[in-house]
Amino acid sequence: MKKDFYEILGISKGASPEEIKKAYRKKAIEFHPDKNPGNKEAEENFKLAAEAYEVLSDPNKKAKYDQYGHQAFDGAGGYGGGGHMNMDDIFSQFGDIFGSAFGGGGGFSGFGGNQGGQRRMKGSNLRIKVKLTLEEIANGVEKKVKVKRKVQAQGVKYKTCPTCNGQGQVLRVTNTILGRMQTATACTVCGGSGQTIESKPANADAYGMLMEDETVSIKIPAGVVDGMQLKVSSKGNDAPGNGIPGDLIVAIEEQEHEFLKREGENLHYDLYISFPEAALGISKDIEAVNGKVRIKLEEGIQSGKILRLKGKGIPSLNSYGNGDLLVHVNVWTPKTLNKEQRQFFEQAITDENFIPHPEKSDKSFFEKVKDMFS
């Protein structure tokens, strides 16, 4: 089970942005790898604190986390940084905490894992938005999108960078809040790739890259929410030389439905019926995410009645079942009457059967609202 972000930083939900930043700085100093060499537990705590800070320091991500917890980011490319961060991701993303000494270079996003002692450069991520209907969100969907991405040109030849001897980094000593620290920064000559171009096609850029269109297939699970991000690995920009591609980050945009309103995993539908229909009872077809559903309204149904259709809402991302469809019954009052209709209602005003006699089982508006949110 994932640990609560507030617990990781040791703060309350009401903490201010400055308190969140201060708490993260404290944890970062405590678990920094330079203060805990070879300590895997400290390194893991350092990464957890960075993940917590990335979410809680962003108002939009924090709002989603406060409402849905970790579920808001499950299966969606992590917490916005493309998954569980490595140390280079952390140093490059949180310059406001550590200072500029940890930044990358060359216009690429960072470094991948070791390969024979050499750190592999990672291409930059690409970001797109995908619009989804409520039906697509309820059922899950596979989308094909065209993406413009940088790929390594055919025929590019590289040689070892003479400045960093193929390491892609140069050592540098800086003064930080942690004291004097020796850090590795990207080589400014090769941009961190450890290689420089010996020869390249005329149509390639300075890094030996070309821009190409590619159709990417994105599998979107049922139950995603507006603003959630999905990650398609290795479909971002390529990196020069022996680097690894970046990722494609897909932001979900939920389109408004004509009849249904979403509230988490529940759906709401406003059903309008006439006074005769309310008095006599009637069967009605209503909209649902998987087609129409027929419901029967008993005679004498009251305006404001809420009918709950179990399991007709949006599926849970964590496979906890479906939400419900809440049908709000509204009795429509005609705005104009003809002579015969007016005479009928004038006589009905004094009729005992038309005088309101609410029963205890007939909940008030405020009780209904309270039930909806309980």
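**Surface patch.** I began with the nonpolar patch that Phe 275, Phe 344 and Phe 354 form on the surface, about 270 Å² of accessible area together. Patch members have over 30% relative accessible area and no salt bridge, with nonpolar side chains (Val, Leu, Ile, Met, Phe, Trp, Tyr) joined within 5 Å and like charges within 9 Å. Areas are Shrake-Rupley with a 1.4 Å probe, and for residues only the protein chains shown count as cover.

**Model notes.** This is a predicted model: local features need pLDDT of at least 70, side-chain atom pairs count only at pLDDT 80 or more, and totals for chains, interfaces and linings use all residues. Residues are numbered from 1 along each chain as its sequence is written, and side-chain values use heavy atoms, with hydrogens and water left out.

**Phe 354.** I found Phe 354 in the loop between helix 9 (339-348) and helix 10 (365-373); helices (H or I, at least four residues) and strands (E, at least two) are DSSP runs, numbered from the N terminus. Phe 354 is partly exposed at 34% relative accessibility (buried is under 20%, exposed over 50%, partly exposed in between; 1.4 Å probe, protein chains only).

**Salt bridges.** My search of the whole structure gave 16 salt bridges, meaning a side-chain nitrogen of Lys or Arg within 4 Å of a carboxyl oxygen of Asp or Glu. One of them pairs Lys 148 with Asp 213 at 3.1 Å, N to O. Lys 148 sits in strand 4 (residues 141-152) and Asp 213 in strand 9 (residues 209-220), so this pair ties together parts 65 residues apart in sequence. I also noted a salt-bridge network linking Arg 149, Glu 214, Lys 235 and Asp 238.
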